[in-house]
Amino acid sequence: MTRIAAVHGVVAPHRHSQREITDMVARTCLPAGADRRALDRLHHSAQVRTRHTVLPLDRYGDLGDFGTINDTFIAAAVELGAEAVAEALREAGLAPRDVDLLMFTSVTGIAAPSVDARLAGRLGLRPDVKRLPLFGLGCVAGAAGIGRLHDYLLGRPDHVAVLLSVELCSLTFQRTDASPANLIATALFGDGAAAVVACGARRHTATASGPTVVASRSRLYPDTERLLGWDITGSGFRVVLDPSVPDVVRKTLADDVDDFLADHGLKRRDVTAWVSHAGGPKVLEAVAEALELPDDALDMSRRSLAEAGNLSSASVLHVLRDTLAAGRRPPPGTPGVLLAMGPGFCTELVLLRW
């Protein structure tokens, strides 16, 4: 089985209280003189205390066109990505030249050459490193990325594979857009990155102490394309966010999880830790209700949401990192489930053994 050797998360350099971000959004998104009380209530209800942004808040009103915004994404993604991968490899006791596959995912910017290509020489990866840039999976990509690393390593058990997620969500906030979807996005999303180092069954490292990946399961729901995603416009990525997302989670997640666990002779009560994408308070509530989880089962996800906001694909990886931190690790040998939802609309499930 695939062994997760290290998970390292980083956040963007500028840290702000939720109130400071709310004030910035009021200045840049609401019409002059507009009543901001609804915005204040919305941002308060997001249950986010602090977030990090790639730029100082006073820069967001003057970003310019999509090209300028995307150039900002590329430069910052390379910086944060290099830090995340280098530290994850160090924690795993591996060198950059040990990496056989680098998978990169983001849904908040585009680049060609891709960010992984721009990182290869900077990090000291081998010239023959395999690269796989992914775009469009959104919040589900952290879980899906681990699943695809596992698929790759099953066929190459002596290899090392790295997943890198960089999401700079603040660069997608639409100025002068007071639509509910944009205001919800400005209430929830933050900027950060995470890297996962995984080793095949025949590749061992002295410091690898993370869980093994047993299996993964993908679930795509028909006729849900407009629930979540982007409309690509002249001003960049305009969020598509349907309020029925939590209802879909409530209707579908339990059956999907039960079927997945049953294939491995398990039930929900056997799972000792649930590593869930911190999609927002309503999504976390829907996950807890659908799976009938104990009150504290998603505390790690709620804490991540409060401290950093929804980091899109990096979110579930930050929650995994925190779950593996000293004093929080589940009992050895017990099963865990890592899960996330994203555009499609879809769910990705990963079965772990701690």
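Which residues are buried in α6? In this predicted model, the buried residues of α6 are A181, N182, L183, A185, T186, A187 and L188.

- Helix α6 covers residues 180–188, and because seven of its nine residues are buried, the helix is largely enclosed by the rest of the structure.
- The elements that cover the buried residues of α6 include the helices α1 (18–29), α2 (37–45), α8 (281–291) and α9 (299–308), together with the strands β3 (50–53) and β10 (236–241).

**The largest pocket**

- The largest pocket holds about 540 Å³ of space, and of the 26 residues that line this pocket, I184, L188, L241, K282 and V283 are the closest to its centre.
- Helix α6 gives the most to the lining of the largest pocket, with five residues, while α2, α6, α7 (245–262) and α8 each supply at least two.

**The annotated position C139**

- UniProt, in an unreviewed entry, places the feature "active site" at C139, a residue that lies in the loop between β5 (130–134) and α5 (141–155).
- C139 has a relative accessible area of 10%, under the 20% cut-off, and so counts as buried.
- When neighbours within four places in sequence are left aside, the residues in contact with C139 are F189, H277, N310, S312, S313, A340, M341 and P343.

**Strands β9 and β10**

- Strand β9 (residues 228–233) pairs with β10 in the antiparallel sense over six bridges, and a hairpin of two residues joins β9 to β10.
- Within this pairing, L228 stands opposite L241 in β10.

**Aromatic pairs**

- A search of the whole structure finds four aromatic pairs; in one of them, the rings of F66 and F237 have their centres 5.4 Å apart and their planes at 65°, so this pair is edge-to-face.
- Because F66 lies in helix α3 (residues 66–92) and F237 in strand β10, the pair ties together parts that are 171 residues apart in sequence, and both F66 and F237 are buried.
- F237 also forms an aromatic pair with F135, and this pair is tilted, with 6.1 Å from centre to centre and 40° between the planes.
- F135 counts as partly exposed at 45% relative accessibility, whereas F237 is buried, with a relative accessible area of 4%.
- Ring pairs link F66, F135, W230 and F237 into a cluster.

**Cavities**

- A search of the whole structure finds three cavities of 30 Å³ or more, and the largest cavity has a volume of about 150 Å³.
- Of the 13 residues that line the largest cavity, V107, C139, F189, L228 and W230 are the closest to its centre; among them, C139 and F189 are also in contact with each other.
- The largest share of the lining of the largest cavity, three residues, comes from β9, and β9 and β10 each supply at least two residues.

Conventions
Residues numbered from 1 in each chain as written. Predicted model: local features only at pLDDT ≥ 70, side-chain atom pairs only at ≥ 80, totals over all residues. Heavy atoms only, no water. UniProt positions renumbered as here; feature names shortened; annotations may be inferred. Helix = DSSP H or I, 4+ residues; strand = E, 2+ residues; numbered from the N terminus. Buried < 20%, exposed > 50% of the residue type's maximum accessible area, 1.4 Å probe, protein only. Contact = heavy atoms within 4.5 Å. Pairing = 2+ DSSP bridges. Phe/Tyr/Trp six-rings, centres within 6.5 Å; stacked < 30°, edge-to-face > 60°. 1 Å grid on protein atoms, 1.4 Å probe; cavity = no way out; pocket = protein on both sides within 12 Å on 5 of 7 lines; lining within 4 Å. Points joined across faces, edges and corners; volume = space filled by probe spheres on them.
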